[in-house]
Amino acid sequence: MAAPTAAAEQTMKKVTDNLLDPVYPTSQGSECFSADSGTQQDYLVDFLEKEVGSDLKSLKNVGDLLEKLREENSVLEEQTRLFGGDSPAPQPAETCTRGEDVQTGGVLTVSSSVPPKVSAALSAAEEAACSLEDLLQRERFISNKLHQHLQTAQPWMDNLGQTLNQVDTIERHVKYLRCLQHIEELSAAVQQFLMTSSVWEAIRSVDNMAALDAGLNRSGCCHLQDFLRETLHFWHKIIKDRLASDFEKVLTQLHWPIISPPTQSLTPTANGQEINSQLELLVTQLLALQTSDDLVSQRALASCQVAPPNQPASPATPPSQATPLCLPIQIMLLPLSRRFKYHFYGNRQTNSLSKPEWYLTQVLMWMGNSSTFMEEKIQPILDRAGAPISAMVELCRGLLSLVQEKVASDASRLLYDDVLFCHLVEEVLQFEKELRSNQSYHAALPGLLHLLLEDAILQKWLTVEKKMAVEKMDAMLSAEGAWSSQYKDISDMDEMKAPDCAETFMTLLQVITERYRALPCPSAQLKFLGLQRELVDDFRIRLTQVMKEESRCPLGARYCAILNAVNYISTILGDWGDNVFFLQLQQAAVSLGEEVVLGGLGVMEVGRLASLEGSLFEGLLALLDRLKGDMMGRLLEWTMREITEKAKPYGQDRWLSLPPQQDQSTMTLSSSACPMMLCVRDRLLNLHQVLSLSLFQLAWQGLAERLDTILYQDVILSNHFSEGGAAQLQFDMTRNLFPLFGHYCKRPENFFKHVKEACIILCLNVGSAILLRNLLKESEEEGTDWASAGDPRPESALNELGVYCLAACDVLILLNLRASWPGL
C-alpha cells in the first residue's frame with residue numbers, strides 16, 4: 001500500500017483522538033477508558049480498516065465519518081441524560097476499584113441508574129409476590145378448616161347415604177309395581193275391549209304393550225319383561241286369531257286362493273259392497289297389528305335359533321326374512337303354504353328330486369294367477385292405509401320363502417348326484433329369469449340365486465360344470481363332422497369357416513357365461529371365469545395335439561380346419577375382452593385381488609387391467625396367436641416348397657439368348673413358367689376355399705412375399721438377361737403372375753416390389769441404363785456430396801424410374817446383369 005500523505009496522517013490522528021474521547025469527558029471517565037486501552041486500540045484499527053481500507057482515495061470521506069461519529073456521540077449523551085436523571089456522577093472509589101470490571105464513566109452512570117418504567121414494574125412485581133403469599137396462606141387455612149369440617153360431617157354423610165339408598169330402592173320398587181300395574185291395566189283394557197267388540201281400542205292397547213316392551217328392553221327386570229311378553233303374546237294371539245278368522249272368511253267369499261287362472265270377475269255379484277268394506281276393515285286392522293306382530297315374530301324366531309354364537313347362519317335362510325311380511329299377506333299365504341307342503345313334501349308323487357320344475361312352475365303359476373286379485377283388491381286398501389308396500393311383491397316374497405326352503409333342502413341331498421344336481425341348477429336359473437322378467441320382481445330383492453352361493457353347492461356346481469364341459473369337448477372332437485363347417489353351403493354365413501367343434505365349444509362357453517351371469521356375487525362369477533379360461537387352454541392343447549398329427553400334410557382340409565378353429569376362438573375371445581360384462585368382471589378382479597384370475601400376473605399387468613388397457617384373456621390370446629403363427633408359417637413353408645420345385649426350370653431358362661421383343665409376333669408366357677404359375681393358381685384357389693377370409697388374407701400376402709424373394713434371388717440374380725430376356729421376364733410377371741393375385745387386391749404388384757423394380761431396371765433403354773450406371777458408380781466410388789454439387793441424388797433418380805425398394809448397390813448388380821451394352 002502507498003505511504004499516506006501528511007494531510008492524511010493528520011486527519012487519521014484527529015479521528016483517532018476523537019474516537020478515544022470518553023462519552024463523558026471527565027477525569028474519572030478518562031481513567032476508566034484507559035484501563036482497557038489495548039482492546040480499544042485493536043477495535044479502532046479494525047474500525048478504520050473496515051471504513052477506510054487500503055484505498056487512499058477514500059480518505060476524503062474521513063470528514064463525513066468524523067461528523068457521523070459526533071452525531072452518534074450526541075445521541076448517546078442525550079440518552080444518558082434521559083435515563084440517568086440529575087443524579088450526581090459516581091465517585092472514583094465507587095466506579096474504578098482494583099479487581100473490578102471497569103467501564104467508562106458515562107456507561108457506568110447509565111447502568112447504575114434505574115429507568116422509571118423498569119422501577120415501576122419491579123415494584124408491581126414485589127406487590128404481586130406479597131399478594132400471592134397472602135393468598136397461599138389463606139388457601140392453606142381454608143383447606144384445613146374444610147378438611148376438619150368433612151371429618152366432622154362424614155358420619156352424617158354415611159347415615160344420609162344409607163337413607164338415600166333405601167329411598168332409591170323403595171322408589172324402584174314403586175316404579176316396578178306401577179309398571180306391573182300398568183301392564184295389568186292394559187291387559188284388563190284389552191279384555192274389556194274385546195268383550196265389547198272394540199277391536200281398534202284393543203289393538204291400540206296391544207301396541208302400547210309393545211311400546212312398553214321396547215322401553216324395558218334395556219332394563220334388568222327380566223322377570224317383568226317375560227311377564228309383559230307373555231301377556232303381549234297372549235292378547236296378540238287372541239286378536240290375531242279373531243281377525244284372521246274373519247279375514248279368511250272374507251277371502252273365501254272372494255274365491256281366494258286363486259289356484260287356476262281366473263275366469264270370472266273378482267267382485268261377487270251379491271252383497272259385494274259389504275264384503276269389500278269388511279275386507280278393507282280387516283286389512284286395515286291387521287296392518288295396525290303389524291308392530292306387535294313383528295315383535296312377537298322376532299321373539300319366536302330368536303327362541304327357535306339355538307345355534308352356537310360362533311356358528312355362521314346357514315345360507316339357506318332367506319335374507320328376505322330380515323323384513324317381516326305384511327300381516328294380511330301372511331294370512332293370505334296360509335292356504336297356499338298348506339297346498340305347497342301337501343304336494344311337495346312327504347311321500348307324494350309330486351315330491352320328486354328329479355322334478356324340481358314341478359314346484360317351481362307351480363309357484364310361478366300362483367304368482368301369475370294372483371296378480372290381478374292383489375292389484376285390484378289388496379293394493380288399493382294398502383294405498384289408502386298409507387302402507388308403503390306392494391301387495392304383489394309381498395306375495396312373491398312369501399311364496400319365495402317356501403321355494404327357498406325347498407331348494408335348500410333338495411340341493412343338500414343332490415350333492416352326490418351330478419345329473420340331478422345340474423338339472424336343479426338349470427331349473428333354479430330358469431325360475432330366477434322368469435321371476436325377474438314376468439313377475440317384475442325387483443333385482444334388489446333376493447330370489448333363489450343366493451342359495452347357489454353356499455360353499456359346498458358352489459364348489460359342486462364348478463366341479464360338475466368342468467366335468468360336463470370336458471366330456472362335451474371329448475365328444476365334439478371325436479364326432480364325425482367335427483372338422484367341417486355346418487355353414488359351408490351358405491357363403492354369406494361362412495366367412496370364419498369355423499369347424500363344428502370350435503363353434504360347439506364357444507357355444508358351450510357362452511352357455512356357461514349365461515348361467516353364471518345372473519349371480520349376485522362377483523367373487524363367484526370370477527370363479528366361473530377362471531373355469532372358462534382353463535377350458536379354453538385345455539381346448540387349445542387338444543387342438544395342438546391334433547395339429548401335430550396333421551402337420552405331415554399342412555395343405556389338408558383338417559389342418560386348415562384346425563387353423564380356422566384357432567382363429568375363430570381367438571376372434572371371439574378378443575370380442576369378449578371388450579364386452580361390458582367381462583370389463584366389469586375385470587374391474588371386480590382387480591379390486592378383489594382374485595387369485596383365480598390374477599394369479600401369476602405382475603404389478604404392471606395388474607395395472608394395465610385396472611386401467612382397461614388389457615383384458616382378462618390376454619394370456620390365452622397370446623398362446624392362440626402363437627399357435628396360429630406357427631401353423632400359418634408351416635402352411636406357407638410347405639406351399640413354397642412345392643412352388644420352388646416348380647420354379648426351378650424357370651430359373652434355368654435361357655434368358656441371355658432370347659430374341660428381342662420386336663422380333664416376336666406376340667408375347668406368350670414362358671413354357672418353363674407354366675408349372676409354377678399353375679401351382680400358384682391352384683394353391684391360391686385351394687387356400688381361398690379352406691381358410692377363413694382373415695387367414696386367407698395373411699396367407700396370400702405371405703405367399704406373395706416369399707415368392708417375390710425366391711424369384712428375385714433364384715431367377716433374376718442367378719441369370720444374365722438380353723433385351724428379349726428382360727422383356728420376357730417382365731411379360732411373365734406383369735401379365736401372368738401378378739394377375740393371379742389380382743383377384744384378391746387391386747394392385748398386386750405392390751406385394752412383388754423386388755421383382756417389379758428389377759424388371760424396370762432390366763428393361764431400361766440403353767441410354768438411360770448407361771446414365772444410371774455412371775451415376776451410381778460415381779456415387780459409389782467418389783462419395784460425392786450431391787447436395788453441394790447440385791446434381792440429382794442417386795435415390796432421386798431411382799425414384800423417378802419407380803424404384804423405391806432396391807438400394808443403389810442392388811441396382812448396380814442388376815445393371816451388370818444386362819447383356820445389351822454397346823460394344824458387347
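Let me start with one pair. Lys467 and Asp418 join their side chains in a salt bridge, 2.9 Å from N to O. Lys467 sits in helix H16, residues 455-478, and Asp418 in helix H15, residues 418-438, so this pair ties together parts 49 residues apart in sequence. Keep in mind that we are looking at a predicted model.

How covered are the two ends? Lys467 is partly exposed, at 40% relative accessibility. Asp418 is buried, with a relative accessible area of 18%. The cut-off for buried is under 20%, so Asp418 falls on the buried side.

Now the wider view. How many helices and how many strands are there in the protein? The count is 31 helices and 0 strands. The protein has 824 residues, and buried residues make up 38% of them. Next, contacts. Take those with a separation of 6 or more: 76% of them come from residues 24 or more positions apart. As for surface, the protein exposes about 46,400 Å². Carbon and sulfur atoms supply 54% of that area.

Back to charges. Side chains of opposite charge can pair when their charged atoms come close. How many salt bridges does a search of the whole structure find? It finds 24. I will take two more of them.

Stay in helix H15. Glu432 and Arg436 meet in a salt bridge at 2.7 Å, N to O. Both lie in H15, 4 residues apart, which is about one turn of the helix. Glu432 is buried, with a relative accessible area of 5%. Arg436 is partly exposed, at 24%.

Next, helix H23, residues 618-651. Lys648 and Glu645 are 3 residues apart there, so about one helical turn separates them. Their side chains form a salt bridge, 3.4 Å from N to O. Lys648 is partly exposed, at 44% relative accessibility. Salt bridges can also share partners, and in this way Asp418, Lys460 and Lys467 are joined into one network. That brings our opening pair, Lys467 and Asp418, into a network that includes Lys460.

Which residues form a negative surface patch? They are Asp64, Glu67, Glu71 and Glu72. Patch residues have no salt bridge, and they need over 30% relative accessible area. Look at Glu71. Its place is in helix H4, residues 62-84. Glu71 is partly exposed, at 47%. That is over the 30% cut-off, so Glu71 passes on area.

Phe738 belongs to helix H26, residues 723-742. Is Phe738 buried or exposed? At 4% relative accessibility, Phe738 counts as buried. What does Phe738 touch, leaving out residues up to four places away in sequence? The answer is Met733, Pro748, Glu749, Phe752, Val755 and Lys756. Phe738 and Glu749 are 11 residues apart along the chain. Their C-alpha atoms are separated by 6.0 Å.

Last topic: the backbone. Go to the loop between helix H9, residues 222-253, and helix H10, residues 272-288. Pro257 is in that loop. A cis peptide bond joins Trp256 and Pro257, with omega about 5°. His255 is found in the loop between H9 and H10 as well. His255 is not a glycine, yet its phi is positive, about 65°. His255 is partly exposed, at 46% relative accessibility.

Where is Ser197? Ser197 lies in the loop between helix H7, residues 116-195, and helix H8, residues 199-215. Ser197 has phi near 60°, a positive value in a residue other than glycine. Its relative accessible area is 54%. Exposed means over 50%, so Ser197 counts as exposed.

Then go to buried Phe738 in its helix, H26. Finish at the cis peptide bond between Trp256 and Pro257.

Key. Residues numbered from 1 in each chain as written. Predicted model: local features only at pLDDT ≥ 70, side-chain atom pairs only at ≥ 80, totals over all residues. Heavy atoms only, no water. Patch = residues over 30% accessible without salt bridge, like charges linked within 9 Å, V, L, I, M, F, W, Y side chains within 5 Å. Areas by Shrake-Rupley, 256 points an atom, 1.4 Å probe, with all protein chains shown as cover. Salt bridge = Lys/Arg side-chain N within 4 Å of Asp/Glu carboxyl O. Lys, Arg positive; Asp, Glu negative; His and termini not counted. Charge placed at Lys NZ, Arg CZ, Asp CG, Glu CD. Helix = DSSP H or I, 4+ residues; strand = E, 2+ residues; numbered from the N terminus. Buried < 20%, exposed > 50% of the residue type's maximum accessible area, 1.4 Å probe, protein only. Contact = heavy atoms within 4.5 Å.
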